[in-house]
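Hi,

Here is the structure I said I would pass on. Have a look at it first, and then read my notes below.

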Amino acid sequence: MSKKVLERLKAQFGDRILATSSNFGDDEAVVAPKDWLEVATFLRDDPECEMNHFVDVTCVDYPMREDLPRFDVLVFVRSLAKKHRVRLKTRVDEGGSVPSLVPVWIGANWGEREAWDMFGVVFEGHPDPRRILLYEEFVGHPLRKDYPIEKTQPLVPYRDVEDIDKLPPFGADEGQPWSRIDWQARIEGSDFQVSPAIGEQQGQRPALSRGTEYTDLDDEAARTATE
């Protein structure tokens, strides 16, 4: 049913729809960043699409990808009336940006802030482009696969806030729980990534970082890990 939406997009935008796919019940269209806002608006306003339900927006980091920009930006929407749903995707490189979809679906507001906070992708024209989960002084974007796993935050003292009992600043042995794990020992002798970030930083097999199709090597790694 959602494939009709993909056909509608191709009929309307032609080769500006860079690719489409329908796998495992997920129907997806890929567009360039310059077409991101226009295609999203069409999905909402076209009577045959009527995508009036914003579901989510997020990013995926592929730092090892060489032939395509580093980040996928994805928005998931559906039509309450027609019962179809699609995933719209674009790709941006380090330092790149896409137009905010808040003017199209107001529900994108907090999702885009979270995507900025976690991945550092800029949404141009966002009405309130602040971090949403972390504080403004936080350095980096922690869902990037090259974010240092041992990094301890916060890097600034806690603020005094009236009527709130503040917690004391903590050190490296008290900060993020994953920074206290001996990752070297945990993955020694293994080629199966226990964490995409730590695998990336330690030069492990980059299957989860390239964004390629599932390979025989992945099948073997998954089988071995469950034995």
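Before the notes, one term: a polar contact is a pair of N or O atoms within 3.5 Å, where, within protein, one must be able to donate a hydrogen and the other to accept it. Please also keep in mind that this is a predicted model.

Let's start with the sheet. It is open and has five strands in the order β1-β2-β5-β4-β3, with mixed pairing. β1 and β3 sit at the edges, each pairing on one side only. On average, neighbouring strands are turned by 20 degrees against each other, direction ignored. β1 and β2 are antiparallel partners, joined over six bridges.

Two helices lie across this sheet. α2 lies across β1, β2, β4 and β5, and its angle to β5 is about 175 degrees.

Now for the inside. The largest nonpolar core has 35 residues, and those with the most contacts inside it are Leu43, Val73, Val75, Leu88 and Trp105. At least two residues each come from α1 (3-13), β2 (26-31), α2 (36-45), β3 (53-61), β4 (71-78), β5 (85-92) and α3 (108-119). α2 gives the most, with five residues. In soluble globular proteins, nonpolar side chains do tend to be buried together.

Is Glu28 buried or exposed? It counts as buried, because its relative accessibility is 7% and the cut-off for buried is under 20%. What does its side chain make a polar contact with? The partner is the side chain of Arg87, at 2.6 Å. Glu28 is also the bridge partner of Ser21. Ser21 is among the residues Glu28 touches, and so are Leu6, Leu74 and Lys89.

Most residues other than glycine have a negative phi. Phe24, however, has a positive phi near 55 degrees. Phe24 is in the loop between β1 (17-23) and β2, and it is exposed, with a relative accessible area of 84%. Glu50 has a positive phi too, of about 50 degrees. Glu50 belongs to the loop between α2 and β3 and is partly exposed, at 29% relative accessibility.

Happy to talk it through whenever you like.

Conventions
Residues numbered from 1 in each chain as written. Predicted model: local features only at pLDDT ≥ 70, side-chain atom pairs only at ≥ 80, totals over all residues. Heavy atoms only, no water. Core = buried A, V, L, I, M, F, W, Y, C linked by side-chain atoms within 4.5 Å. Buried < 20%, exposed > 50% of the residue type's maximum accessible area, 1.4 Å probe, protein only. Helix = DSSP H or I, 4+ residues; strand = E, 2+ residues; numbered from the N terminus. Contact = heavy atoms within 4.5 Å. Pairing = 2+ DSSP bridges. Axes fitted to C-alpha atoms, helices over the stretch in contact; angles between N-to-C directions. Lists of a residue's contacts leave out its neighbours within four places in sequence.
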